Amino acid sequence: MLHLQSFVVLLGVLLWACVGVYAKNVFNYEEQKNISRPYTIQVQRFLCIDTPYKETILHECRMIFRRNQRPLLNVSLEAPKKYNYLMIQFQMHYKFKKYQPFLIDIKAEGCDLMRDRKNDPTRHWLYGVMKDLMSSLVHRCPFGKRTYSGVFSVKEENAPRSIPAGEYRMDIIFTSQTNVTLFSMQLFFEARRRGILKSMLEW
């Protein structure tokens, strides 16, 4: 028998999938990010994985803890080559017994994304998150021939307006046209709120 929390989360996912028009509200980044969230996000771990990279040089990848403040994520990546194609993938995982793909699974070619979001709410969300968290990457092609550096914190406004309470892992991967990994990271965080049933009713 499924644990009650797992059942409610799955029910919420089914309801969300059935009401496709609601995706526009869930992922309408610019309009939603200034609305207060009924949950808090606590970042637990930050990892750069699959290193060393073949075509890029990772100079910095660490989480800076601060007393009574959000931790900062510090990344510095040198890309000596020029790229006219950059595949970007964001994938969120929710921890049931193990981490499983959940709600967000977006792939977009970077040059195309910078030119046109195609009135696609998920592409607008991806672009908005990159602009707020990885602003040095938000520019027209080509990519590369520079060092990308940034120090940022993850806030509730960067996430969809309503998500179930629990533990999450966000995977972000950048690959070249020949499928070479240029950068890959995992962010582990927890969403805490008043109750899982309330969160499902807000979907």
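In this predicted model, the count of disulfides comes to 2. Counted along the chain, the bonded cysteines follow the pattern 1-2, 3-4.

Cys 48 belongs to strand 1 (residues 39-48) and Cys 61 to strand 2 (residues 57-64). The two cysteines are 13 residues apart, and the pair links distant parts of the chain. The torsion about the S-S bond of Cys 48 and Cys 61 is about 95 degrees, and the disulfide is therefore right-handed. Cys 48 has 16% relative accessibility and counts as buried, because buried means under 20%. Cys 61, at 24% relative accessibility, counts as partly exposed.

Cys 111 and Cys 141 form a disulfide with sulfur atoms 1.5 Å apart. Cys 111 is located in helix 4 (residues 110-115), whereas Cys 141 falls in the loop between helix 5 and strand 6. The pair therefore ties together parts that are 30 residues apart in sequence. The angle about the S-S bond is -90 degrees, and the link of Cys 111 and Cys 141 is left-handed. Cys 111 is buried, at 3% relative accessibility. Cys 141 is partly exposed, with a relative accessible area of 29%.

The structure holds 2 cavities of 30 Å³ or more. The largest cavity has a volume of about 190 Å³. Its lining comprises 18 residues. Leu 133, Val 154, Asn 158, Met 170 and Leu 187 lie nearest the centre of this cavity. Strand 4 (87-95), helix 5 (121-133), strand 7 (166-175) and strand 8 (181-193) each supply at least two residues of the lining. By residue class, the lining of the largest cavity divides into 16 nonpolar, 1 polar and 1 charged.

The largest pocket has a volume of about 330 Å³. It is lined by 21 residues, and those closest to its centre are Leu 77, Leu 137, Tyr 148, Phe 174 and Phe 183. Strand 3 (72-83), strand 6 (143-152) and strand 8 each supply at least two residues of the pocket lining. Strand 6 provides the largest share, 6 residues. The lining of the largest pocket divides into 15 nonpolar, 6 polar and no charged residues.

Definitions and conventions. Residues are numbered from 1 along each chain as its sequence is written. This is a predicted model: local features need pLDDT of at least 70, side-chain atom pairs count only at pLDDT 80 or more; totals for chains, interfaces and linings use all residues. Side-chain values use heavy atoms; hydrogens and water are left out. On a 1 Å grid over the protein atoms alone, a cavity is a set of points where a 1.4 Å probe fits but cannot get out, and a pocket is an open set with protein on both sides within 12 Å along at least five of seven lines; lining residues have an atom within 4 Å of a point. Grid points are joined across faces, edges and corners, and a volume is the space filled by probe spheres set on the points. Helices (H or I, at least four residues) and strands (E, at least two) are DSSP runs, numbered from the N terminus. Ala, Val, Leu, Ile, Met, Phe, Trp, Tyr, Cys and Pro count as nonpolar, Asp, Glu, Lys and Arg as charged, and the others, Gly among them, as polar. A disulfide is a pair of cysteine sulfur atoms within 2.5 Å. Buried means under 20% relative accessible area, exposed over 50%, partly exposed in between (1.4 Å probe, protein chains only).
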